[in-house]
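Trainee: Hi! I have a structure open and would like to talk it through with you. Can I show you?

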Amino acid sequence: MTLRRHLSGYAVIGLLQWLVEYGLMLALSEWVMPVEPANVIGRLCGAVLGFWLNGKLTFAADDTHVGRHAAMRFLVMWIALTVLNTWIVAHLDDAFGLRMAQLLKPGADLLSGGIGFLLSRHWVYNKY
């Protein structure tokens, strides 16, 4: 598989995943709960969608697999990236307030998404 194909597939699915994640975080943090749990819930919903679509479409090849091992590796990656992303969003909220945290969250998402791409391509979906 080419890097270009992986990047383009990951970007398209990532955009859909991000819309789900960001939309939930905005709605929940605006009306229901603090930004930290809203961010985690949004990330969880987006992650389930992204794991399946990226495994079945973006990184699908003879040497990849979407199964229990991939799901466990994805869970480890997701937890680490969610901790990083939520830490960034929480610090933005503390430093600049909720509106700026909501506005600047896409920067944290780009950082965690870039790291997620590298880990997904080379570790998460690897069959071996």
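Trainee: Is Asp109 buried or exposed?

Mentor: Asp109 is buried, because its relative accessible area is 8%. Buried means under 20% relative accessible area, exposed means over 50%, and partly exposed is in between, with a 1.4 Å probe and protein chains only. Before we go on, this is a predicted model: local features need pLDDT of at least 70, side-chain atom pairs count only at pLDDT 80 or more, and totals for chains, interfaces and linings use all residues. Residues are numbered from 1 along each chain as its sequence is written, and side-chain values use heavy atoms, with hydrogens and water left out.

Trainee: Got it. Which residue forms a salt bridge with Asp109?

Mentor: Lys105 does, with the closest N and O atoms 2.6 Å apart. A salt bridge here is a side-chain nitrogen of Lys or Arg within 4 Å of a carboxyl oxygen of Asp or Glu. Asp109 and Lys105 are about one helical turn apart, because they are four residues apart in helix 4. Helices are DSSP runs of H or I with at least four residues, numbered from the N terminus.

Trainee: Why does Lys105 count as buried?

Mentor: Because its relative accessible area is 0%. Salt bridges with shared partners join Lys105 and Asp109 with Glu21 and Arg43 into one network.

Trainee: How far apart are the closest N and O atoms of Glu21 and Lys105?

Mentor: They are 2.7 Å apart, and the two residues form a salt bridge. That pair links distant parts of the chain, with Glu21 in helix 1 and Lys105 in helix 4, 84 residues apart. Both Glu21 and Lys105 are buried.

Trainee: How many salt bridges does the structure hold?

Mentor: Four. One of them is between Glu30 and Arg99, where the closest N and O atoms are 2.7 Å apart. This pair also links distant parts of the chain: Glu30 is in helix 1 and Arg99 in helix 4, 69 residues apart. Glu30 is partly exposed, because its relative accessible area is 35%, while Arg99 is exposed at 52%.

Trainee: Let's stay with helix 1. What should its 29 residues span?

Mentor: Helix 1 covers residues 3-31 and should span 42 Å at 1.5 Å a residue. The expected span is 1.5 Å times one less than the number of residues. The end C-alpha atoms of helix 1 are 41 Å apart, which agrees.

Trainee: And which of its residues are buried?

Mentor: The buried residues of helix 1 include His6, Tyr10, Ile13, Gln17, Glu21 and Met25. Helix 2 (35-58) and helix 4 (98-124) are among the elements that cover the buried residues of helix 1. Covering rests on contact, meaning heavy atoms within 4.5 Å.

Trainee: Switching to rings: how many aromatic pairs are there?

Mentor: The count comes to seven aromatic pairs. Rings of Phe, Tyr and Trp (its six-membered ring) pair if their centres lie within 6.5 Å; planes under 30 degrees apart count as stacked, over 60 as edge-to-face and the rest as tilted. Phe51 and Phe74 make a tilted pair, 4.9 Å centre to centre with 50° between the planes. Phe51 is in helix 2 and Phe74 in helix 3, 23 residues apart, so this pair links distant parts of the chain. Phe51 is buried with a relative accessible area of 14%, and Phe74 is buried at 12%.

Trainee: What about Phe59 and Tyr125?

Mentor: Those two form a stacked pair, 5.5 Å centre to centre with 25° between the planes. Phe59 lies in the loop between helix 2 and helix 3 and Tyr125 in the segment after helix 4, so the pair ties together parts that are 66 residues apart in sequence. Phe59 and Tyr125 are both buried. Ring pairs link Tyr10, Phe51, Phe59, Phe74, Phe117 and Tyr125 into a cluster.

Trainee: Last topic, pockets. What volume does the largest pocket have?

Mentor: About 490 Å³. On a 1 Å grid over the protein atoms alone, a pocket is an open set of points where a 1.4 Å probe fits, with protein on both sides within 12 Å along at least five of seven lines, and lining residues have an atom within 4 Å of a point. Grid points are joined across faces, edges and corners, and the volume is the space filled by probe spheres set on the points.

Trainee: Which residues lie nearest its centre?

Mentor: Of the 25 lining residues, Tyr10, Gly14, Gln17, Asp109 and Gly113 lie nearest the centre of the largest pocket. Helix 4 supplies the largest share of that lining, eight residues, and helix 1, helix 2, helix 3 and helix 4 each supply at least two.
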